[in-house]
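Here is a short briefing on a ligand site and on model confidence. Keep the structure open while you read.

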Amino acid sequence: MTIEEAGVVYKTTTEIRGPILFIENIKDVAYDEVVRITTPTGYEISGSVLDVSKDYAMVQVFGETSGMDLNVSVRFTGETLRIPVSDELIGRVFSGSLAPLDGLPRPLSTDQRDVNGGTINPAARDVPSEFIQTGLSAIDGMNSLVRGQKLPIFSESGLPHNQVAAQIARQATIPGKEEEFALVFAAMGIKNEEAEFFKEEFEKTGAISKSVMILNLADDPPIERIVTPRIAQTIAEYLAFDLDMHVLTIMTDMTNYAEALRSISIAREEIPTRKGYPGYLYSDLATIYERAGRIKGKKGSVTLMPILSMPGGDITHPVPDLTGYITEGQLILQRELALRGIYPPMNVLPSLSRLMKDGIGEKTTRKDHSDVSNQLYMAYAEGTRARGLVRIVGVVGLSERERTWLEFADQFEQKFVNQGVYENRTIEQTLDIAWDLLAMLPEEDLIRVREAYIKEFHPKYRRAG
Amino acid sequence: MSLKGSIDRINGSLVVAKFEAEPKIGDLVEIGSLRLMGEIVRLSEDKAYIQCYEATSSLKPGEPVLDSGKPLVAELGPGVMGTIVDGIERSESKLWELTGPFVSRGTNIVPLDRTKKWAFEPKVMVGGKVRGGDIIGVVQETESFQHRVLVPPELEGTITSIEKGDFTVEDVVGTVETRTGSIGLRMMQTWPVRRPRPVKERLPLMMPLMTGQRVIDTFFPVAKGGAACIPGGFGTGKTVMLQQVSKWADADIIILIGCGERGNEMADVVAHFPEISDPRSGRLLIERTIIVANVSNMPVSAREASIYMGITLGEYYRDMGYDVAVMADSTSRWAEALRDMSGRLEEIPAESGYPAYLADRIAEIYERAGRVVTLGSDQRIGSLTLLGAVSPPGGDFSEPVTTHTLRFVGTFWALDSELAFRRHFPAINWLRSFTRYMTVASKWWSKYERNWEQIRAKALELLEEAAEIEETARIIGEKAMPDEQRLILLLAELLREGFLVQSAFHEVDRYCEAEKQAALLKVIIDFYNLAEPIIRQGIPIEKIRELGIVSELMRLKERKGLQPIDAARIEMRKQISQLAETYEVKVR
Ligand SMILES: Nc1ncnc2c1ncn2[C@@H]1O[C@H](COP(=O)(O)OP(=O)(O)OP(=O)(O)O)[C@@H](O)[C@H]1O
Ligand SMILES: [Mg+2]
């Protein structure tokens, strides 16, 4: 961060409570202003003002406060948190607060952007509608992603969400266009080996030359995570709306971000809501997620894929719950599928892409796409219901019809959802696999598909010519 | 008249200020050198607590605060219809023009355009007596929408002049001699958003709001002037349902309040409404719609105000004698804004951190729905129907916003994740939902179908029975169940697939007219009435299921008009008779 050496220095800290400092006898301090804190041993970290009145300020520290004492000097910089933006950020690797990690110099630019960004005026938003082919059937066929969408992956520890995200980053294309995505990658509290995985992955594919990595790892200061996703989105917005690039932002793990927010809230003694998270968690997450999108008259776009772990696999946990209320759908990875060897272990039933309807159809994918997807959902739901029955009454207890559903569900997981880490299916391939599966069902049960499309795409009629 | 003060403290959206004299609660203030807008929400000792409608970054203690002495008002008059405004009624298209695609702070534009001229057509004559609510003239606000210019509520007197021609909203288009002097009438008036607009009389509800959505109109209707609550976890279809109602409901005016939800959903409405026309009037939907968009990453305090803004706009059009439907998506975000402010004010929290007055505030909001005789001498009738989405944490309906809202509404559409997972949309759970407007609806429906009430009751009864049978089937398997019960399961499937499921994106089925709803339901119940006796006489359920008519019954909804339904009825009798013949049993 390039906050000049100006500003008034105070040594009047009266209390340190967790990540929060209380400073007295101050003058002319602004809300949300950035502060620089220096310990007597010369260690320097930044923070920002959370609450200010005429003579005292409360400051959140984006670093470790343990070991600090009241003798720290606090410099109020007179600026809100800004970062320099330029095309020189591309290809670089930074810490969670934008310190270089790649041995290259600090980024410089006269163009400084507030990390909190602005709110895109709803009237200026363009409706995202360009279909992105990820090459993964479970996504393209049933939860299609479009440019400018925010679509998170809900996962659990030990599941291959990183592989899935990397595969999406690797394979994402707009059919018929050769434009590639620029990648902004933000890590919050993930293990070093996970960050290394992405770095190697981006190097292997050459994506590194059009990516920006912002890394706050597990052993980095937790409170720094408050700014990491904001820095990432500020860069993404710049690349998209100033440099006309199509950006894919991957953020992982948003649950660690929310925990950092919670620890500040607890230190401020705010009234907690569920599981100790503050009541404003929804609005706070929205200020990060809603920065994705498209703007009328601008070429670029920000597509956002946050990854978060559901503690205990619980989708009603506040972080996945509130995320789902903000994002335009969710992709859900499930341990049970992973144990059965399905990759990607995506449970399509609770997964959803709300913007799919605008991205698919005759003009972009195929006219039967929407119906096929709906039919797969219904049939798979019936199949999983039958699977539940089997546990109680055994296969013999099932009716003929239920047995067909059951068989369908198994095949659907094996042939449609399941695919290779390097298998890149076109949308036509995906839909054809879908039809081969639907052909297992009696034709009169394909109630969600228009009759005309059955006649046109059902293998039975296609074989007949 | 405007009171000066200075900032004492800033804590997020809360700004504490000291004034030279005591200001009033509810006063609008300008904060700091950026002139941010805010509202005084509490006074305590010598301090005023202000909720700021805009982000407070970089404000400093000591900066000036200016009290306007006036509360937050809605500007009412021609120019809002068909536009998108924020929670404090600023045109978002205009803000975009002025400040670019990102919302900037301190851009204080007035809601109604002061320069645009409107063709004012007088409806009163000099010498005529008028009082609050009377129509003094009309303005063609959009191609198809006629704006009625009303005498402000508290005025009464004799018209001493009246104009005809092109005027701005601030121009005097007439004068009225009142007991206290002569007053100029303008096309624009203002009204404090937190205060309900007065009416002459509240009326009993008489008509259902027809939405073209089968599960709503047939099973859980809402009355014009009534209120409905739509709770559901994320992705269960609240927004799509409110959009469907906005598109197809037989209301004159639609106010869509995006309260702390997604920017893209607002953009979707802005992009698509101008392409669709109302199936009854042929008017473009956008011409009867106002969008109040305060999205999730805008400051929460303006989000709190947005609901009141939307309802006040709704009341104004109601007062012209129109049927207005106001959709609030989502009231949970409004309640969270309330909670946020309450927390910053260090009030004692009640359930889940919400302030103790949450229930009162919810009640006040839903109280503003109703069917009324408006002010004015012509006994005009208008209505305001209020539909509120609720986003319960974890999809659990036992939380405060859902439970309190339930007490004040007449219709409850319980959205169900399980249904949404299998793409059964609208995901309204027919066992958990209810309506208190059945008497109103039955009377209305009887004109389409004499036995409507019985048919509907039978359908619900079968669905309920099917739910119980399924419980047992889950333990012993469907195969082991008696055929009579399996027929009920089949019928429930027909009702689900052939009636309840209705895709918002199907070119025919997205809107289903009342006649077709009644005919569809009847033919499905008739099928049961035909099949049930022959099943009792021993024909196996598999044989019934194999009939070609079964899948036809599920597809009738996507065929245009009533003719296919009549054809299906004939075909149904034929197939069942044939089946009965083969087994030599009697048909009814
Ligand atoms: N009537 C419908 N027909 C077809 N699809 C529907 C219908 N209703 C909902 N859906 C599907 O469900 C998705 C989610 O619906 P919607 O956005 O309305 O959910 P929501 O309850 O508003 O969620 P949130 O609380 O997160 O805003 C839609 O994007 C659409 O794909
Ligand atoms: Mg919604």
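Ligand 1 is surrounded by residues from chains A and B, so its site is shared between chains. The protein covers 92% of the 630 Å² of accessible area that ligand 1 has on its own.

**Who surrounds the ligand**
- The shell around ligand 1 holds 19 residues.
- The closest include R354(A) from one chain and K238(B), T239(B), V240(B) and R262(B) from the other.
- By class, the shell has 7 nonpolar, 8 polar and 4 charged residues.

**Polar contacts**
- K238(B) has a side-chain N or O atom 2.7 Å from an oxygen atom of ligand 1.
- For T239(B), a side-chain N or O atom also sits 2.7 Å from an oxygen atom of ligand 1.
- R354(A) places a polar side-chain atom 2.8 Å from an oxygen atom of ligand 1.

**Which elements contribute**
- Two or more shell residues come from each of α7 (318-326) of chain A and α3 (238-248) of chain B.
- α3(B) gives the largest share of the shell, 3 residues.

**Confidence in chain A**
- Chain A has a mean pLDDT of 93.
- In chain A, 98% of residues reach 70 or more.
- Strand β15 (residues 153-155) of chain A has the highest mean pLDDT among that chain's elements, 98.
- Helix α14 (residues 459-464) of chain A has the lowest, 82.
- Where pLDDT is low, predicted coordinates should not be read in detail.

Notes. Residues numbered from 1 in each chain as written. Chains lettered and ligands numbered in written order. Predicted model: local features only at pLDDT ≥ 70, side-chain atom pairs only at ≥ 80, totals over all residues. Heavy atoms only, no water. Near = heavy atom within 4 Å. Polar contact = N/O pair within 3.5 Å; in protein donor to acceptor, adjacent residues only side chain to side chain. Areas by Shrake-Rupley, 256 points an atom, 1.4 Å probe, with all protein chains shown as cover. Helix = DSSP H or I, 4+ residues; strand = E, 2+ residues; numbered from the N terminus. Nonpolar A, V, L, I, M, F, W, Y, C, P; charged D, E, K, R; others polar. pLDDT = per-residue confidence, 0-100.
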